[in-house]
Amino acid sequence: MAPTRDDGRDGYLAFVENHQHRLLRAAYLICGNRHQAEDLLQDALLKLALRWSSVRDGDPSAYVRAILYRDSVSWWRRRRREWLSAAPPDQVAHDRDGALRLTMHDALGLLPPRQRAVLVLRYYEDLTEVATAEALGVTVGTVKSQCHAALRRLREVAPDLARDARPSQGSADLASGLEVNP
């Protein structure tokens, strides 16, 4: 049996198998289109494969997320006038969670790409302000101002989210992110 050299292929494949679904969900939330999200993720994973030897010892998922967010903004800049979206459902969802998801999806689609990226990183990926700033290549102050502006815009375009996110009786001490800094 001939000795094989360790080129990191097994580590890369293991990383992709373990993280691809979460990264695909993040890409979808960023761009709002499943096909574009798949393309973004495929391109990001290709870029990761080319740099795997230098990235594998650090945090490869942070590297891929940064690629996803930057490539999404670049894609948007190239195709500003074209907005792709899935066709709306024939019937309105009867369950409250489905209606909230549709409302949130539509509201996120109205935000500029950078604000959308900040909200997804901060509240979906649960990154800190510092980690979000590093992923996007901006300052912490920019993350804070973009987050504030995005939440304000969400309240304007989807007031149902603020109403539905408010706590019910018995949990008056809980607050959602939509009531903060009105």
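Arg-122 lies over the face of Tyr-123, 5.8 Å from the ring centre; a charge counts as sitting over a ring if NZ of Lys or CZ of Arg is within 6 Å of the ring centre and within 35 degrees of the ring normal. The model is predicted, so local features need pLDDT of at least 70 and side-chain atom pairs pLDDT 80 or more, whereas totals for chains, interfaces and linings use all residues. Residues are numbered from 1 along each chain as its sequence is written, and side-chain values use heavy atoms, with hydrogens and water left out.

The protein chain has eight helices and zero strands, where helices (H or I, at least four residues) and strands (E, at least two) are DSSP runs numbered from the N terminus. Along the sequence this gives the pattern α-α-α-α-α-α-α-α. Of its 182 residues, 36% are buried, that is, under 20% relative accessible area, with exposed meaning over 50% and partly exposed in between (1.4 Å probe, protein chains only). Among contacts (heavy atoms within 4.5 Å) with a separation of 6 or more, 62% come from residues 24 or more positions apart.

A search of the whole structure finds two aromatic pairs; rings of Phe, Tyr and Trp (its six-membered ring) pair if their centres lie within 6.5 Å, and planes under 30 degrees apart count as stacked, over 60 as edge-to-face and the rest as tilted. Tyr-12 and Trp-52 are edge-to-face, at 5.6 Å centre to centre and 75° between the planes. This pair links distant parts of the chain, with Tyr-12 in helix α1 (residues 9-31) and Trp-52 in helix α2 (residues 34-55), 40 residues apart. Phe-15 and Trp-52 form a tilted pair, at 5.8 Å and 45°. Because Phe-15 lies in α1 and Trp-52 in α2, the pair ties together parts 37 residues apart in sequence. Tyr-12 and Trp-52 are both buried, as is Phe-15, and ring pairs link Tyr-12, Phe-15 and Trp-52 into a cluster.

Helix α1 also meets helix α3 (residues 60-78): their axes come within 10 Å and cross at roughly 30°. Axes are lines fitted to C-alpha atoms, for helices over the stretch in contact, and angles run from 0 to 180 degrees between N-to-C directions. The crossing angle therefore makes α1 roughly parallel to α3, a label for angles under 35 degrees. Residues making the contact include Phe-15, His-19 and Leu-23 of α1 and Val-64, Leu-68 and Tyr-69 of α3.

Methods: Angles under 35 degrees count as roughly parallel, over 145 as roughly antiparallel, 65 to 115 as roughly perpendicular and the rest as oblique.
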